[in-house]
Amino acid sequence: MMTARAYAIVRRHGAWWLAAQAALTILAALLVWWTVPPLLRWLWWTADWSVVTANLRLFILFRYPTEAAWRPALALAMTVAAVGLAVRRAAARQSASGARTLLWLLGAVLASFVLLRGVGSSVVPMNLWGGLLLTLILAATAIGLSLPLGIVLALGRRSALPLVRWTSVAAIECVRGLPLITILFMASLVVPLALPDAWRPDTVLRAIFGLTLFSAAYVAEDVRGGLNAVGAGQYDAARALGLGSVAMHRLVILPQALRAVVPAIVGQFIALLKDTSLVLILGLTELFGVARSVVNQPEHLGRFREALLFAAVVYFVLCGGLSRVSRSFEMRGRESRRGRAVERT
Amino acid sequence: MNAVVRHPLRNERIRAALAQLAVAAFVLALVGWLAAGVLADMRARNLVPGFDFLRNVAGFGISEGPAFAPTDSYGRALVVGLANTLRVAVVGIVLATAWGFAVALARISGNVLLGGMARGYIEALRNTPLVLQLVLWLSLLRALPPLSEAIALGSVGAGAGAAGGAAGGAATQTAWLLLSRKGAAVAWWQLTDGAPFLALDLPTTGRFGYDGGLVLSPEFAALLFGLVVYTGAFIAEVVRSGIEAVSHGQLEAARAVGLREGQALRLIVLPQAMRVIVPPLTNQYLNLAKNSSLAIFIGYPDLFNVSQTVGNQTGQFVAVLGIVMAVYLTISLGTSLAMNAYSRRARWVGR
Amino acid sequence: MRIRRFTTALTNGTLALGLLAVAACTAANPDAPADAPVADAPGDPGASTSITTTGATTSSVPADTGVTTAGASADASAAPAPASSGGLLATVRQRGRLNCGVQDKLPGFGYLDPSGEYKGFDVDFCRAIAAAVLGDATAVDFKPLTAQQRFTALQTGEVDVLVRNTTFTLARDTQNGLDFSPTTFYDGQGMMVRADLNVDSLAGLDGANICVGSGTTTEKNLGDAMRKAGAAFTPVVLEDTDQVFSAYDGGRCDAVTSDKSQLASRQTTLADPTAHVILDLTLSKEPLGPAVLQGDAQWADVVNWVVYGVIAAEEFGITSRNVDTFLTSEDPEIRRLLGVEDALGEGLGLTNDFMVGVIRAVGNYAEIYDRNLGPDTPFKLPRGANRLWTEGGLLYSPPFR
């Protein structure tokens with residue numbers, strides 16, 4: 001019996017294939033044996049985690065006043081609630097909700113921004129923003145702003161007016177052809193030069209500008225994919241109903257297209273979360289920046305492995321968790337497209 | 001015939017023209033505004049607009065790449081940076097492709113241990129920032145032994161005392177592969193003096209580094225390794241979803257005609273999957289090339305890194321950034337166009 | 001129809017741009033009110049202790065600092081109007097906070113401590129200037145700047161003064177339109193090598209790998225010096241000092257070049273400090289000091305005299321602990337320095353007793369030095385050229401009269 005089954009397997013796969021499998025298993029086991037015990041040993045005994053424990057506040061809030069920590073918490077809750085609501089509406093296929101949902105999201109992001117910064121006497125200057133807080137602010141604001149911009153670019157790319165189309169294509173392809181680091185550098189270098197001195201934007205805003213510009217080009221391509229996926233019959237039907245172009249796009253086309261690209265947008269957001277680590281080049285101190293900064297404290301000199309590893313775990317939990325949540329939504333929503341970490345820089 | 005007199009703004013063509021005019025005006029104004037700002041800033045800092053500074057003597061050194069001396073010009077420095085970018089990108093793309101396919105096959109191999117490891121690896125690398133990974137890889141390379149105690153694979157011989165004898169009598173080693181904190185050195189074919197043919201050149205440990213052989217600096221190794229394993233994780237997912245996109249019936253049909261699993265994969269599934277794989281694979285290649293700009297965080301002298309040094313020395317950040325952007329755009333758009341042409345052809349042939 | 005689609009696009013676009021603009025405008029307003037409770041809090045949870053904690057033993061500011069400085073600041077507002085109302089001094093006064101450009105990744109000179117406070121030698125000079133101008137050493141907004149950003153930040157007015165380990169050079173003085181204040185730290189670029197290499201000159205480093213930080217004059221100085229010595233070398237260029245020294249300590253390089261203060265202070269933190277030697281040579285002179293924008297003589301004077309003031313205080317032996325006893329001193333020069341006599345401060349547009357506030361807040365030069373670089377720190381950096389002229393160093397303050 002056993003031999004018969006073994007024989008069947010050998011016949012189906014070939015003896016070499018089986019031998020290769022066995023060899024691979026042994027190799028894999030060896031790899032685990034070589035890497036895991038020393039790693040654990042290092043994690044437990046060699047590593048000195050005081051650089052993390054002593055600086056936990058910097059990693060999370062940076063210099064944001066602890067008394068005002070309720071503001072980031074509230075902003076986070078608000079944004080998560082808005083996103084949850086939007087996702088639910090999209091899942092429930094409530095028609096004509098596209099534009100409004102988008103406005104909500106944008107509103108939530110901007111309201112969070114205002115809340116974090118404060119008004120009048122409660123202002124927390126942006127040079128105090130950093131750590132995980134800044135990572136989240138940058139990613140959320142950039143994705144929020146790049147959505148409308150990306151939709152505009154995607155529609156522009158499909159426009160029949162050559163100049164509009166060319167401009168959109170040029171903008172999208174140029175941004176996608178450049179490394180993020182050059183775009184961020186440009187944002188920090190050229191933007192303040194172009195603007196009058198009186199409205200010199202803060203470095204945080206320059207970073208948001210660069211990240212938004214960058215993300216919008218990728219969102220535009222996602223949206224274009226969604227627009228292409230809307231059947232021609234939908235256009236015909238909308239026209240038959242006598243809808244004008246604006247109404248047609250607002251009521252019929254965009255809601256469907258956007259619903260289809262939700263997983264892709266989540267992927268963009270995850271990618272942005274990781275990409276924010278590059279704002280270090282502008283002198284900002286987000287999560288990765290804190291890891292790089294705290295190793296300069298006299299008592300923690302040279303403890304960069306611990307600091308970096310901690311930051312890596314935080315990124316992993318955030319991005320991995322988000323992509324898992326998004327995937328489970330997808331499965332529920334029978335969407336075939338995958339919204340996992342989209343990669344680019 | 002009662003001609004309907006329409007308001008000019010109702011006329012589609014006029015409106016189209018006006019709209020386009022508005023866009024053109026907007027774009028031109030934006031460009032003009034930026035240019036004016038940049039020029040004003042340069043004037044304020046006594047900088048001469050233009051690219052003449054590229055001919056000036058650089059004064060700094062570059063750790064690797066085509067020969068470069070501090071007496072060479074800034075322009076030459078940028079060329080060396082570009083060569084370094086292309087070197088890591090091309091080698092990286094080849095290795096990442098091989099690695100990505102291997103990981104994808106491991107994932108769908110049905111081998112539980114291997115599949116699980118592949119999955120864990122993909123998840124871990126895709127969900128952490130590349131720049132963090134690069135810095136960690138570089139720091140891991142510091143765990144290698146110092147040069148004098150280099151790990152030698154395929155050792156050919158150990159001599160006593162380095163050239164000059166001032167090295168404190170440290171023994172030299174000659175081997176096919178040498179590994180230490182100074183990087184790796186492998187035997188390589190080189191045109192030796194006087195000989196008209198390529199001779200195999202074995203590396204030897206010297207006083208400050210390796211003599212002979214092909215030397216890989218730790219920065220290059222960390223960047224290459226980081227780019228390959230990071231992009232490989234994405235390529236693996238691209239390949240896997242490409243393979244999964246091929247209908248299961250094809251595999252069953254292949255088995256029915258008596259092909260073995262490996263043959264079925266190689267002859268039936270992969271060729272069909274390639275049609276799905278190529279466009280996102282192209283994107284991953286471009287990503288790898290663009291991601292090589294993170295070299296600045298680990299000290300590999302790529303184009304962006306060198307451009308920052310040039311900018312710091314000359315103050316000509318805008319001009320230098322313009323050059324860097326133009327180069328990246330050329331690479332990206334050129335590759336995109338070539339790959340688009342390829343996939344268009346593949347589509348026609350495939351049908 | 002397509003045009004309408006375009007109009008939609010345009011409207012959406014304008015909306016997005018409009019929102020961006022709104023966000024930018026609300027945020028671009030840098031004038032956070034001085035007395036904003038929240039804005040103040042992060043800079044100084046426990047203002048008076050913040051500066052003194054690092055040194056542990058060096059100095060302890062009297063608990064009543066807050067009260068006295070508040071008095072000083074009240075005097076400041078009552079003091080005669082500054083000479084030119086359009087200058088930076090007036091702007092800073094009006095704003096109530098000093099924007100100071102610093103380095104945040106240079107141990108000993110500028111770094112962020114676990115409580116979120118900037119600490120370091122350079123940082124203390126920012127606090128000194130704030131104490132002099134605003135009567136409150138904690139009224140500083142620190143802006144960490146990269147090497148590339150620092151001059152632009154000064155030119156665009158993002159920072160009022162740059163205290164970021166910046167070398168005073170002719171080109172920077174002219175091309176970048178800066179004015180340098182007196183040197184606060186006399187440094188020179190040096191070279192540290194592994195002791196087992198038995199190298200005592202640059203020529204001996206022919207073919208070596210040398211670690212060096214990017215974005216500064218250091219890279220070019222290295223190229224020049226090695227060229228002069230006729231030695232080929234491989235530079236390993238890394239972004240910040242922590243990376244430079246961990247690469248060197250990790251055996252990536254045979255030598256490391258940096259400012260001597262960095263070499264000496266970092267040597268003590270290497271795995272085996274005795275395995276390294278600092279060569280007895282100087283690749284270049286590196287006088288480091290604060291810089292301000294050219295063309296505002298009044299503001300430049302303020303920064304200059306604050307620096308001179310802390311040097312003079314060391315000359316007279318006035319420290320943060322004993323400053324009150326000197327208020328009754330008979331020495332006319334001490335009386336003028338502390339504003340008991342004459343009206344020197346008013347001439348600068350400050351209060352006459354501005355140095356009292358400075359000394360109370362950060363102490364004299366020796367206190368600043370010891371707190372950040374001295375024997376009680378991991379760096380244990382000898383004073384070297386940064387001793388008073390009376391002790392064979394280069395520190396020399398013009399007379400206060």
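Leaving aside residues up to four places away in sequence, Leu184(A) touches Ala207(A), Gly210(A), Leu278(A), Val279(A), Ile281(A) and Leu282(A), where two residues are in contact if their C-beta atoms, placed from the backbone, lie within 7 Å. The structure is a predicted model, in which local features need pLDDT of at least 70, side-chain atom pairs count only at pLDDT 80 or more, and totals for chains, interfaces and linings use all residues. Residues are numbered from 1 along each chain as its sequence is written, while chains are lettered from A and ligands numbered from 1 in the order in which they are written.

Leu184(A) also belongs to the largest nonpolar core, which has 263 residues; Leu184(A), Leu134(B), Cys126(C), Ile129(C) and Val358(C) touch the most other members. Such a core is a set of buried Ala, Val, Leu, Ile, Met, Phe, Trp, Tyr and Cys residues joined through C-beta atoms within 7 Å. A residue counts as buried if 20 or more other C-beta atoms lie within 10 Å of its own, as exposed if 12 or fewer do, and as partly exposed in between, with C-beta atoms placed from the backbone. Helix α7 (residues 131-157) of chain A gives this core its largest share, 18 residues. A second, separate core of 28 residues includes Ala247(C), Val256(C), Leu279(C) and Leu283(C).

Ile334(C) sits in helix α14 (residues 332-337) of chain C; helices (H or I, at least four residues) and strands (E, at least two) are DSSP runs, numbered from the N terminus. Ile334(C) is buried because 21 other C-beta atoms lie within 10 Å. Not counting residues up to four places away in sequence, Ile334(C) touches Phe316(C), Phe326(C) and Ser329(C).

Chain C also meets chain B, in a contact that takes 31 residues from chain C and 32 residues from chain B. On the side of chain C that touches chain B, the largest share, 6 residues, comes from β10(C).

Finally, a word on confidence. Chain A averages a pLDDT of 85, and 89% of the residues score at least 70; pLDDT is the predictor's confidence in each residue, from 0 to 100. Among the elements of chain A, helix α4 (residues 56-60) has the highest mean pLDDT (95) and helix α1 (residues 2-13) the lowest (64). Over residues 335-341 of chain A the pLDDT is below 50. Where pLDDT is low, the predicted coordinates should not be read in detail.
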